[in-house]
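Trainee: Could we go through this model together, one topic at a time?

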Amino acid sequence: MAAVSGSAFGRFWNSPVGPKTIHFWAPAMKWGLVIAGLGDMSRPVDQISVRQQLSLAATGLIWTRWSTIITPKNYSLATVNFFVGCNAIYQLSRVALADKEEKSNTNVEETAKVA
């Protein structure tokens, strides 16, 4: 057992954020949100929930910071939350750009009707 505890795997296994703790498994499972967000990139913009993406962006960014403050520092949790926040911000930018494009198309159509 002494050889395992001295190896890199042993240090990881017995780490405060290793696989014997929730600090390992929570971020591991949260990658599902990142994968779902990647799948949503092909979703039509009108089917994106702005409220949901705002909450994902806020929690992602807040927990990214918090993960580096808590003890033990959990860089795995910080990483996954960073990507959750980035996914949400990307989706929100898609919605904003689509709304901007829709408004400009509406203005062009109204101008054409007047002329």
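This is a predicted model: local features need pLDDT of at least 70, side-chain atom pairs count only at pLDDT 80 or more; totals for chains, interfaces and linings use all residues.

**Salt bridge, pocket and surface**

Trainee: What does Asp-40 form a salt bridge with?
Mentor: The partner is Arg-43, and the closest N and O atoms of the pair are 3.5 Å apart, where a salt bridge asks for a side-chain nitrogen of Lys or Arg within 4 Å of a carboxyl oxygen of Asp or Glu. Arg-43 also counts as partly exposed, since its relative accessibility is 36%.

Trainee: And how many salt bridges turn up in the whole structure?
Mentor: A search of the whole structure finds one.

Trainee: Okay, the pocket next. Which residues lie nearest the centre of the largest pocket?
Mentor: Asp-40 comes back here, together with Gly-37, Gln-52, Gln-53 and Leu-56, out of 15 lining residues. A pocket is an open set of points on a 1 Å grid where a 1.4 Å probe fits, with protein on both sides within 12 Å along at least five of seven lines, and lining residues have an atom within 4 Å of a point.

Trainee: Which elements give two or more residues to that lining?
Mentor: They are helix H3 (22-39), helix H4 (50-67) and helix H5 (75-114), and H5 gives the most, with four residues. Helices are DSSP runs of H or I with at least four residues, strands are runs of E with at least two, and both are numbered from the N terminus.

Trainee: How many helices and strands are there overall?
Mentor: The protein has five helices and zero strands, and buried residues make up 23% of its 115 residues.

Trainee: Switching to the surface, which residues make the nonpolar patch?
Mentor: Ile-62, Trp-63, Trp-66 and Ile-69 make it, with an area of about 410 Å². Such a patch joins nonpolar side chains (Val, Leu, Ile, Met, Phe, Trp, Tyr) within 5 Å, like charges being joined within 9 Å, from residues with over 30% relative accessible area and no salt bridge; the areas come from the Shrake-Rupley method with a 1.4 Å probe.

Trainee: How far is Trp-63 from Phe-82 in space?
Mentor: Their C-alpha atoms are 8.1 Å apart, although 19 residues separate the two in sequence. Another pair to look at is Ile-35 and Val-84, 49 residues apart in sequence and 9.2 Å apart in space, C-alpha to C-alpha. Ile-35 belongs to helix H3 and is exposed, with a relative accessible area of 58%.

Trainee: Last one: which peptide bond is cis?
Mentor: The bond from Thr-71 to Pro-72 is cis, with omega near 0°, and Pro-72 lies in the loop between H4 and H5.

How values were computed. Residues are numbered from 1 along each chain as its sequence is written. Side-chain values use heavy atoms; hydrogens and water are left out. Buried means under 20% relative accessible area, exposed over 50%, partly exposed in between (1.4 Å probe, protein chains only).
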